[in-house]
Amino acid sequence: MSRSVISGVRRFASSAGSTTVGLSGLKFDNTQLRKLPVDPDPGVAPRQVSGYLFTRARPVPISEPQVVGYSAAALGLLDVHPPRDREEASVLARQVGGELPVEGAEYAAHCYAGYQFGTFAGQLGDGRAHLLGEVVNSRGERWELQLKGSGATPFSRTFDGRAVLRSCLREFLCSEAMHGLGIPTTRAGCVVASQRTLVLRDPLYSGSSVEEPTSVVLRLAPSFLRFGSFEVARPEHPTTGRAGPSAGKEELVKQLLDYVVERFYPDLDESDPSQRYLHVYGDIVQRTAQLVAQWMCVGFVHGVLNTDNMSIRGLTFDFGPFEFMEYYDPKHVSNVSDKQGLYCYENQPQICRWNLLRLGEALSAWLPQAAAMQRFARFDELYQQQFQLRMRRKLGLLSAAPTDQEQRLVLQLLQTLQNTAADFTAAFRSLSAVDPTSEASLDAVVEK
């Protein structure tokens with residue numbers, strides 16, 4: 001991962017193979033926009049988008065964009081080679097920066113809703129992101145392409161739809177790092193930035209705004225659909241008074257479910273649609289449990305675990321105020337806006353569990369309820385299985401099944417890390433220096 005980033009920042013690597021430049025020549029097959037309802041209104045003025053799951057929206061170009069960094073591995077998923085000279089870099093920068101349209105792309109913004117910090121917020125949507133469509137690569141894999149930081153959409157509310165360079169670099173680096181760690185994630189192809197298009201931001205949350213360079217990140221994923229995608233039909237919430245933009249239009253939820261089944265579960269042979277939907281929900285429960293367990297094992301704190309930031313494919317995405325925890329503190333909070341610590345490190349499994357319950361509610365018109373609750377009830381077991389498996393691997397415990405002694409060892413180690421304020425990652429890394437046959441070796445690592 002680091003080599004691809006360095007090659008993107010410091011020089012333009014030569015590359016054999018494809019003769020296409022930038023994102024030109026991609027094979028788009030935009031089934032999602034063909035099969036789901038799209039609002040044809042291209043206007044970006046804030047509005048409720050009712051009866052649709054997408055709306056037409058074009059990126060707002062940034063001036064004189066430049067490629068800041070790229071991941072050759074991520075671009076390779078699209079059969080795109082990194083820029084080999086300044087001319088190719090300019091083409092890629094102008095495409096990602098919104099100035100140069102990408103042939104075959106159908107720019108749109110996704111309409112979704114969601115719970116934020118435990119409260120239903122109504123319509124949310126892609127407020128600073130534009131979907132380009134779906135690309136099918138030479139291996140038959142399908143990847144959705146999206147620009148983040150690409151300007152205002154009807155979902156931007158009072159915001160400008162822009163991202164700044166520091167936040168795009170964080171997402172770029174963390175996406176590729178997560179992939180390197182073997183944790184499911186969206187990928188980041190490249191980052192472009194403009195020194196000409198500037199926006200006001202308050203980077204230190206001190207009440208003092210400064211001008212910062214705008215930036216756009218090209219990200220890709222099997223799907224950007226999220227729990228909140230299914231919450232557009234929620235009725236008015238009794239506490240907040242807010243409703244989904246398509247409140248009561250449950251057929252829209254069914255239409256989305258049918259698309260998800262067709263797209264990701266084509267081999268399901270259930271004749272009863274409710275059983276197909278049940279399978280989808282159960283799979284999302286499993287993927288979510290496994291994902292959050294993997295986060296916990298590397299000390300990752302997402303920071304904004306709202307339902308609109310939860311992937312139906314069990315991916316890490318919507319990187320915001322995340323952190324990799326340094327000294328071990330179960331109550332570590334990465335988001336300065338999270339004053340109550342709702343999304344702290346130790347709460348993440350239960351927050352994901354709560355979000356799955358909200359997803360079940362959003363799908364309730366189409367799920368057999370008793371069976372759905374049985375699938376939901378497996379979350380804790382699935383989480384513990386994955387957490388114990390990965391923690392035991394980190395400790396070199398390779399037996400087929402965890403023993404009670406091994407589980408106690410994991411808990412005791414975590415308690416020791418907390419008591420000593422040890423660095424979470426460095427503590428595990430230091431264990432690799434221990435010679436299991438030498439007590440002196442262990443003493444030396446502990447002293448260090």
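A cavity is a set of grid points where a 1.4 Å probe fits but cannot get out. In this predicted model, three cavities of 30 Å³ or more are present.

The largest pocket has a volume of about 1,600 Å³. Its lining counts 45 residues, of which Arg-128, Tyr-205, Val-304, Gly-320 and Pro-321 are the closest to the centre. Sorted by class, the lining of the largest pocket comprises 17 nonpolar, twelve polar and 16 charged residues. At least two lining residues come from each of β9 (163–164), α5 (165–180) and β11 (210–221), and α5 gives the largest share, with five residues.

One further residue deserves a look: Arg-162, found in the loop between β8 (142–148) and β9. Arg-162 is buried but has no salt bridge. The nearest side chain of opposite charge belongs to Asp-160, 6.1 Å away; a salt bridge requires a side-chain nitrogen of Lys or Arg within 4 Å of a carboxyl oxygen of Asp or Glu. Leaving aside residues up to four places away in sequence, the contacts of Arg-162 include Val-60, Pro-61, Ile-62, Arg-128, Arg-201 and Thr-214. Among these, Arg-128 is also one of the residues closest to the centre of the largest pocket.

Notes. Residues numbered from 1 in each chain as written. Predicted model: local features only at pLDDT ≥ 70, side-chain atom pairs only at ≥ 80, totals over all residues. Heavy atoms only, no water. 1 Å grid on protein atoms, 1.4 Å probe; cavity = no way out; pocket = protein on both sides within 12 Å on 5 of 7 lines; lining within 4 Å. Points joined across faces, edges and corners; volume = space filled by probe spheres on them. Helix = DSSP H or I, 4+ residues; strand = E, 2+ residues; numbered from the N terminus. Nonpolar A, V, L, I, M, F, W, Y, C, P; charged D, E, K, R; others polar. Buried < 20%, exposed > 50% of the residue type's maximum accessible area, 1.4 Å probe, protein only. Lys, Arg positive; Asp, Glu negative; His and termini not counted. Contact = heavy atoms within 4.5 Å.
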